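Hi,

Here's the structure I promised to pass on. Have a look at it first, and then read my notes below.

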Amino acid sequence: MTKIQWYPGHMNKARNQLEDKMNLIDVVVEVLDARIPIASRNPMIAELVGDKPHLIVLNKADLADPVMTKLWQKALMGPKTSVMAMDGKHSTNMQALIHLIKRAGQDKVQKLQEKGAATPTIRIALVGVPNCGKSTIINRLVGHNVAITGDKPGVTKGQSWLKTQHGIQILDTPGILWPKFDDQAVGYKLAAFGAIKDTIFHADDVALFVIAQMRQYYPAYLAKFANTSKEALENISDTDLLLAMTQNNGMRDDYDRFANFMLLRLRKGKLGRITLDRPNHDN
């Protein structure tokens, strides 16, 4: 399989700019894809957070395995880290997010009030990998569309400060990956769920990776999508299954076209509510 890596110049610039602004930040809100909480967690963010109050949002929870999402909420919780699941696209739990941000920033608010500030503001950095739903959450918090959204990664290029009506100011940052994936499974998971530009990888390689993962964790979903039985899956290789599904969907031998179709269905949740990262598992 092809090695996957994507770290364009604007991401490196954004990382440096974020580091420069961290002294202005009261709370770091890290948005993860609930379907791949470990793969979508940028290790550089942990370095930048330091000892600041930290809120993890497991976004797109409506597309993830609900059992796994609950387990991840417990697994990611820490002394200074709160965790919540949400569906930013449909505004679920938005009030809960505002409440958690205010709770995390209450020490800063109290200090500002003691200095005479009548309307203290909590400054947050909203960070995450590309296409994790940050811009959608920002638009919900602000109350109108100020951040560009899209199904493709790399839509947001620069940083900007945005005001809300909740006493919260947001530093909007581009989706940031990291220079090298030590585990290529991370790259494949990010590619599968749309965090990496589609032109960077071969769709059939990623589709085969997804088939192997679904065979392990969600054989019933895979059998349904392939229009076969779980028993039949045991007697066919991943490659032959991909070719069979390509033909059965009227695409003859254009397996690359079918692979793209499959990945699009996966990202939209049409293959089922799937989570590929597991707590207490070597991801």
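**What lines the cavity**

Asp33, Ile36, Ser40, Val129, Pro130, Asn131, Cys132, Leu190, Phe193 and Ala195 line the largest cavity. A cavity here is a set of points on a 1 Å grid over the protein atoms alone where a 1.4 Å probe fits but cannot get out, and lining residues have an atom within 4 Å of a point. Just so you know, this is a predicted model: local features need pLDDT of at least 70, side-chain atom pairs count only at pLDDT 80 or more, and totals for chains, interfaces and linings use all residues. Residues are numbered from 1 along each chain as its sequence is written, and side-chain values use heavy atoms, with hydrogens and water left out.

Back to the cavity: it holds about 40 Å³ of space, a volume being the space filled by probe spheres set on the points, which are joined across faces, edges and corners. A search of the whole structure turns up one cavity of 30 Å³ or more. Its lining splits into seven nonpolar residues, two polar and one charged.

**Phe193**

Phe193 sits in the loop between helix H7 (184–192) and H8. Helices (H or I, at least four residues) and strands (E, at least two) are DSSP runs, numbered from the N terminus. Is Phe193 buried or exposed? Phe193 is buried, with a relative accessible area of 3%; buried means under 20%, exposed over 50%, and partly exposed in between (1.4 Å probe, protein chains only). Leaving aside neighbours within four places in sequence, Phe193 is in contact (heavy atoms within 4.5 Å) with residues including Asp33, Ile36 and Asn131.

**The core**

Leu190 is also among the residues with the most contacts inside the largest nonpolar core, alongside Leu97 and Met262; this core has 94 residues. Such a core is a set of buried Ala, Val, Leu, Ile, Met, Phe, Trp, Tyr and Cys residues joined through side-chain atoms within 4.5 Å. Apart from neighbours within four places in sequence, Leu97 touches Leu55, Val57, Met84, Met86, Ile137 and Leu141.

**A hairpin**

Strands E5 (residues 160–163) and E6 (residues 168–172) pair in the antiparallel sense over four bridges; pairing takes at least two bridges found by DSSP. Trp161 stands opposite Leu171 in E6. In the turn, Gly167 has a positive phi of about 75°.

Cheers

How values were computed:
1 Å grid on protein atoms, 1.4 Å probe; cavity = no way out; pocket = protein on both sides within 12 Å on 5 of 7 lines; lining within 4 Å. Nonpolar A, V, L, I, M, F, W, Y, C, P; charged D, E, K, R; others polar.
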